[in-house]
Amino acid sequence: MTRENPNIIVTGTPGVGKTSHCELLSQTTGLKHLSINQLVKERGCHEGWDEEYKCWIVNEDELLDSIEDELKAGGYIVDWHACDLFPRSWIDLVVVLRTNSSNLYDRLQTRHYPEKKLQENIDSEIMEVLLEEARSSYAEEVVVELQSNQIEDIDTNVERIEAWVKSWKTNNT
């Protein structure tokens, strides 16, 4: 099946601005914002609550089964901290948002992350874990790294992704 609209993953360490980017992108492109965190809760794609990390334990197989038809149809912005579980054929662009560690620390502290979870996320950002995950899971031309240090970066990044969407539609429909 040929898609009329692309699928984009916006990924990165928690606190880099994924949801803010996705919400604005959805408004400006007409693509649907698919928040995986919200979907996991709503559709029950989890194996329970992790008390230590204060998050759902995602059942990836159930998650993929739950969103397969939607993503195969196209037109989604996937908002999640991981990208390697999504089949390459479903994804047209992977945006990895990055921020400096002091910004990230402040953002995660504001969210009241447990210290262990906060430190693991800071380490993940410093070690470029999610960027490397994206690069090892998708073709080089599909992965783009964007900075999200200041509020102004959101507008700049969204404009860049909007231009990519327009180009994709011109070349694929």
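The lining of the largest cavity is made up of five nonpolar, three polar and three charged residues, where Ala, Val, Leu, Ile, Met, Phe, Trp, Tyr, Cys and Pro are classed as nonpolar, Asp, Glu, Lys and Arg as charged, and the others, Gly among them, as polar. The model is a predicted one, in which local features need pLDDT of at least 70, side-chain atom pairs count only at pLDDT 80 or more, and totals for chains, interfaces and linings use all residues. Residues are numbered from 1 along each chain as its sequence is written, and side-chain values use heavy atoms, with hydrogens and water left out.

The structure holds one cavity of 30 Å³ or more; a cavity is a set of points on a 1 Å grid over the protein atoms alone where a 1.4 Å probe fits but cannot get out, and lining residues have an atom within 4 Å of a point. Its volume is about 30 Å³, taken as the space filled by probe spheres set on the points, with grid points joined across faces, edges and corners. Gly12, Thr13, Val96, Leu97, Arg98, Ser124, Glu125, Glu128, Val129, Leu130 and Leu131 line this cavity. Two or more lining residues come from each of β6 (93–98), α5 (115–126) and α6 (129–137); helices (H or I, at least four residues) and strands (E, at least two) are DSSP runs numbered from the N terminus.

Leaving aside residues up to four places away in sequence, Ile67 touches Leu34, Ile36, Leu39, Arg43, Phe86 and Trp90.

Seven helices and seven strands form the secondary structure of the protein chain, in the order β-α-β-α-β-β-α-β-β-α-α-α-β-α. The radius of gyration is 16 Å, close to the 16 Å that the globule rule gives for 173 residues, so the chain is as compact as a globular protein of that length; the radius is taken over C-alpha atoms, and the rule is 2.2 Å times the number of residues to the power 0.38. Of the 173 residues, 48% count as buried.

Notes: 1 Å grid on protein atoms, 1.4 Å probe; cavity = no way out; pocket = protein on both sides within 12 Å on 5 of 7 lines; lining within 4 Å. Contact = heavy atoms within 4.5 Å. Buried < 20%, exposed > 50% of the residue type's maximum accessible area, 1.4 Å probe, protein only.
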